[in-house]
Amino acid sequence: MIQSETLELLEWNRLCQHLSTFAATKLGAIASRQLKIPDSQAESTQLLEQTKEVYQLESRLSPSLSFEGIQDIGDSLERAELQGILAGDELLAIATTLAGSRNLRRVIDNQENIPILTELVAELRTYPELEQEIHRCIDERGQVTDRASQKLGEIRTELRRLRSQITQKLQNILQAKSGAVQEQLITQRGDRFVIPVKAPQKDAIPGIVHDTSTSGATLYVEPHSIVPIGNQLRQAIRREQTEEEIIRRALTEQVAAVKPDLERLLAIVTTLDLATARARYSFWLGANPPRFIKWEEQESITLRQLRHPLLVWQHLHEQSQPVVPVDLLIIPVIRVVTITGPNTGGKTVTLKTLGLAALMAKVGLFIPAREPVEIPWFSQVLADIGDEQSLQQSLSTFSGHIRRISRILDALGTGEDREAEEQNIALSTPNSALVLLDEIGAGTDPAEGSALAIALLQYLASHARLTVATTHFGELKALKYEDERFENASVEFDESTLSPTYRLLWGIPGRSNALTIALRLGLKPEVVEQAKTQVGEATDEVNLVIAGLEAQRRRQETKAAEAQNLLQQAERLYKEVSAKATNLEERERTLKASQEAAVQQAIAQAKGEIAQVIRRLQQGTPTAQDAQQATNALNQIAQKFQPATPAKPKAGFMPKVGDRIRLSQFGQTAEVLVAPDDDGELTVRFGIMKMTVKLKDVESLDGQKAEPVVKSKPAPAPVTPAAPPTLAIRTSKNTVDLRGKRVADAELLLDKAISEASGPIWIIHGHGTGKLRQGVHTYLQQHPRVSNYEAAEQVDGGSGVTVAYVE
């Protein structure tokens, strides 16, 4: 009994009614209004997981989960089992329910990461063959179709023929006796076809009168000539009805044969619709999924920004005041929370909000609070709430309170016995129940009421998991300092506006504001002062201490809010700086890539232009003028593509034979063949070319400039400026083709070419077996004028061509 009383006091039925508006089917709405509260945490966890998966599924789907076509066919199934004959619309409802259930299963099976829903719909049997048979025999209006049976089709063909005959004969009569009829109209009375005849002219059209107009001026007559056909029509209609009944009976028997599976289908669909209603209601509330904490692991209740769901509904649907949330943070050691403060401050609403939150978690609903939402699974939620501040404006007497509290204590005892039996333990741990008491000990002598309240709360601290009580008794505030299982809280009151703020303050007991309110409302000051003397100095001191604590708390909250703002600003600045750094890095990568692409393009272009110069020299007989033009062209290419001259490095480098150096004029590396002479000139080779360059025009690979050459003569003679470096260019004159020659013949040709050469020669011997190349190299090694030789560049033939440098 106390359980149902608690649900009524918490206005649980109103919440269920709100939930039912989110159901998609009639069965789902009924289940929502009659919501069953689970008896075990495992069942509650299962319901929560269903809600989470539907919530997740709804966020993926567009449009959302559809229950179209699913109807309440329970009564039809019962009648089918009792061998009744279902009507056409009832059979059609069964077919659409089967189709809607199949669509639901298909949608869920096509989704991932929803194992509970997938397992739920896996048991659905939708009997597509039964659905198809119903649709074959019943049309969308619930009527039996002509194709349902051959006999029915023949009967209806006959019916159409008889009706056509009757209509044709009546049309003839209307035309022949147009003066005797009221109007050119064929109508029906019952299942007989009649025409409107003027009463004075009834003898002109003999027949059976089936009806008369209200004025009596018109008679509805069935002419004798069509009476036999009408009788045939009536007999055909009866045969049609009999055949339709036979068809519907056969379909009903098929439905009755699978009644258990269809009932299971209804149960699954209703479960799914209820889970969908919970998910949609939770989304509408802006709620978050709760996690059931374990007391034995010392986890705390965490309900931040908790809102009363009925007040949220009232605010959104009735445009009432915004809901003020409360914070409930309760550590495991706390068993009793005492809330004090002035009337209309929100104490009772806080009790109801906590009670509804506990029940919502048990039935699988999300809780309208900020994440994380952590709450224990309470085996029972027991409440004694009822005063003029309740949501339904109900009143309670002292005797009513005591009777209800007695039932609560009895329920706690029963619950303890049941838990002890289930867990096979002694009664050493409190019942995992939530007890909510409003104005405990009120309605009687204050001294006795206070003593009764203290004794009751101490008893509940040992026999209930959590008790939250509201009171005006100051003595209850001191329990916190005597027993660590007690905690104080109070509702805030703004004395400047004489109105509550509905905020819940933890750790601070509420203080009386009656005298302050009375003074501000216009009560004579002398009366208020006299009242203060009656209260006593001790009470004034307590109120001053409480006022100081409240002021300190407000200052701390202000500083905490400022710190939070600073933290948010820092996080925002960090994100902005990180975003800018990322953009800069991206821009740097892009710029570097573009620069590399430009360098590669410039190199490719320079190589192309050099190749053009070489090809021009190779065409025909080169002259000194051609060589000079080629040299000038190469100098222009070098100036065009070489990078900007870097800062002048420190001197201190002297190139030696075999060193790799860089020619600053061309930006290319070269090998030193001859060390610098007294004039500061040295011979280098880069690529296929040998040239003489000035010491000042070379540098080391790490950027050091060469040391100047110090001459031994005190007064050196003027040095004639060196001619531009001579480039070794391959032409037809300095190229010897030995392919196809024997080694002995090749040596003769080589000796002649070397004797006529004034620079490097290109010897084409090919690859072949390698004997010719080996013979050429042996000959070159022994020849006195050949300083060295090497394989030609790849563009000139690579290892199939040897370049010999002749002195």
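pLDDT is the predictor's confidence in each residue, from 0 to 100. This is a predicted model, and its protein chain averages a pLDDT of 83, with 86% of the residues scoring at least 70.

View 1. Over residues 424-429, pLDDT stays under 50. The model gives that stretch five contacts beyond four places in sequence. Residues 646-651 are also a run where pLDDT stays under 50, and here there are seven contacts beyond four places in sequence.

**View 2. His 308, tucked into a loop.** His 308 sits in the loop that links strand 6 (301-306) to helix 12 (309-318). Its relative accessibility is 2%, so His 308 counts as buried. A polar atom of the His 308 side chain lies 3.1 Å from the backbone nitrogen of Leu 310.

View 3. A disulfide is a covalent bond between the sulfur atoms of two cysteines. How many disulfides does a search of the whole structure find? The count is zero. Cys 16 has a relative accessible area of 1%, so it is buried. Cys 137 is buried too, with a relative accessible area of 2%.

View 4. Most residues other than glycine have a negative phi, and most peptide bonds are trans. Asn 113 is not a glycine, yet its phi is positive, near 60°. You'll find Asn 113 in the loop between helix 6 (88-109) and helix 7 (115-121). Is Asn 113 buried or exposed? At 60% relative accessibility, Asn 113 counts as exposed. Tyr 127 has a positive phi as well, of about 45°. That residue lies in the loop between helix 7 and helix 8 (128-137). With a relative accessible area of 11%, Tyr 127 is buried. As for the peptide bonds, the one joining Glu 371 and Pro 372 is cis, with omega about -5°. Pro 372 belongs to strand 9 (residues 370-376).

**View 5. Strand 16 and its two partners.** In a regular strand the side chains alternate between the two faces of the sheet. Strand 16 (residues 660-663) has Ile 661 and Leu 663 on its covered face, while Arg 660 and Arg 662 are on the uncovered one. Strand 16 runs antiparallel to strand 17 (residues 668-674), with four bridges joining the two. Together they make a hairpin with four residues between the strands. In the turn, Gly 667 has a positive phi of about 70°. Strand 16 also pairs with strand 20 (residues 698-700), in the antiparallel sense, over three bridges. Which residue in strand 17 is the bridge partner of Leu 663? It's Gln 668. In strand 20, Leu 663 has Val 698 as its bridge partner.

Terms used
Residues are numbered from 1 along each chain as its sequence is written. This is a predicted model: local features need pLDDT of at least 70, side-chain atom pairs count only at pLDDT 80 or more; totals for chains, interfaces and linings use all residues. Side-chain values use heavy atoms; hydrogens and water are left out. Contact means heavy atoms within 4.5 Å. Buried means under 20% relative accessible area, exposed over 50%, partly exposed in between (1.4 Å probe, protein chains only). A polar contact is a pair of N or O atoms within 3.5 Å; within protein, one must be able to donate a hydrogen and the other to accept it, and residues adjacent in sequence count only if both atoms are side-chain atoms. A disulfide is a pair of cysteine sulfur atoms within 2.5 Å. Two strands pair if DSSP finds at least two bridges between them.
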